[in-house]
Amino acid sequence: MSVPLLRRVALLLVLVSLVTFRCQTYRKRLMTFCDPGRYSKAFPLICIDDSGFPHPDPAHVFDVQPDANNKTTGRPVVVHWSTQHPGNLNVTFTDDGCTQQVKCNGVGDCIAIVKPLGPPPTPGTTTPSRKCSYSINLGKELADPPGGLIVDPCCWATP
């Protein structure tokens with residue numbers, strides 16, 4: 001009789017551990033810390049406030065990631081949108097010139113891969129930035145950020 005009791009106790013401990021872990025993970029998601037003051041053009045995080053407005057606006061991003069020496073890596077930049085509290089966040093671009101399709105997870109986070117602006121320009125020329133407009137839908141709130149997303153060329157201006 002003591003063996004089945006020990007198995008039950010062990011199973012109960014495993015279940016309690018799993019439930020505790022899941023609750024802590026959920027609690028962490030409830031308190032997303034979104035700091036627009038620490039914005040990076042190579043690793044952008046656009047914070048969506050409770051009214052559905054993004055910070056920063058406009059959001060400047062690189063088209064590709066730079067390396068430690070400010071040379072292009074060729075890896076595309078991934079834009080992240082995040083809400084302060086869980087919610088059904090949706091980001092929709094009015095055109096498809098800046099990013100690939102936006103993917104949202106239904107609990108307050110969306111991502112999109114930035115499209116490259118093109119090959120490096122010839123010496124003495126520059127590649128222009130690209131501006132795209134998008135809409136934010138946070139439940140019933142719908143916002144059209146006036147600044148949008150501006151894709152800037154990375155690393156090409158340096159010889």
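The torsion about the S-S bond of Cys104 and Cys110 is about 110°, so this disulfide is right-handed. The sulfur atoms of Cys104 and Cys110 lie 2.0 Å apart, where a disulfide is defined as a pair of cysteine sulfur atoms within 2.5 Å. The model is predicted: local features need pLDDT of at least 70, side-chain atom pairs count only at pLDDT 80 or more, and totals for chains, interfaces and linings use all residues. Residues are numbered from 1 along each chain as its sequence is written, and side-chain values use heavy atoms, with hydrogens and water left out.

**Overall architecture**

- Along the sequence, the elements follow the pattern α-β-β-β-β-β-β-β-β-β-β-β-β-β.
- Of the 159 residues, 31% count as buried, a term that means under 20% relative accessible area, with exposed meaning over 50% and partly exposed in between (1.4 Å probe, protein chains only).
- Taking contacts between residues at least 6 apart in sequence, 57% join residues at least 24 apart; contact means heavy atoms within 4.5 Å.

**Disulfides**

- The structure contains two disulfides.
- The link of Cys98 and Cys132 is right-handed, with 90° about the S-S bond.
- This pair connects distant parts of the chain, 34 residues apart: Cys98 lies in the loop between strand 7 and strand 8 (103–104), and Cys132 lies in strand 10.
- Cys98 counts as buried at 0% relative accessibility, and Cys132 counts as buried at 2%.

- Three strands form an open sheet in the order 3-13-10, with mixed pairing; two strands pair if DSSP finds at least two bridges between them.
- Strand 3 (59–62) and strand 10 (130–132) are the edge strands, each pairing on one side only.
- Neighbouring strands of this sheet are turned by 25° against each other on average, direction ignored; axes are lines fitted to C-alpha atoms, for helices over the stretch in contact, and angles run from 0 to 180 degrees between N-to-C directions.
- Strand 3 pairs with strand 13 (residues 149–152) in the parallel sense, over four bridges.
- Within this pairing, Val61 has Val151 of strand 13 as its bridge partner.

- Strand 7 runs antiparallel to strand 11, and five bridges join the two.
- Asn90 has Asn137 in strand 11 as its bridge partner.
- In a regular strand the side chains alternate between the two faces of the sheet.
- The covered face of strand 7 carries Leu89, Val91 and Phe93, while the uncovered face carries Asn90 and Thr92.
- The largest nonpolar core has 27 residues, of which Ile46, Trp81, Leu89, Val91, Phe93, Tyr134 and Leu149 touch the most other members; such a core is a set of buried Ala, Val, Leu, Ile, Met, Phe, Trp, Tyr and Cys residues joined through side-chain atoms within 4.5 Å.
- Two or more residues of this core come from each of strand 1 (45–48), strand 3, strand 6 (78–83), strand 7 (89–93), strand 9 (109–113), strand 11 (134–138) and strand 13.
- Not counting residues up to four places away in sequence, Phe93 touches Trp81, Thr99, Val102, Cys132, Ser133, Tyr134 and Leu149.

**Salt bridge**

- The structure holds one salt bridge, defined as a side-chain nitrogen of Lys or Arg within 4 Å of a carboxyl oxygen of Asp or Glu.
- The side chains involved are those of Asp152 and Lys41, at 2.9 Å from N to O.
- Asp152 belongs to strand 13 and Lys41 to the loop between helix 1 (2–30) and strand 1, so the pair ties together parts that are 111 residues apart in sequence.
- Asp152 is buried, with a relative accessible area of 10%, whereas Lys41 counts as partly exposed at 30%.

**Gln65**

- Gln65 is located in strand 4 (residues 64–66) and counts as buried at 12% relative accessibility.
- Leaving aside neighbours within four places in sequence, the contacts of Gln65 include Ala42, Phe43, Lys71, Arg75 and Cys154.
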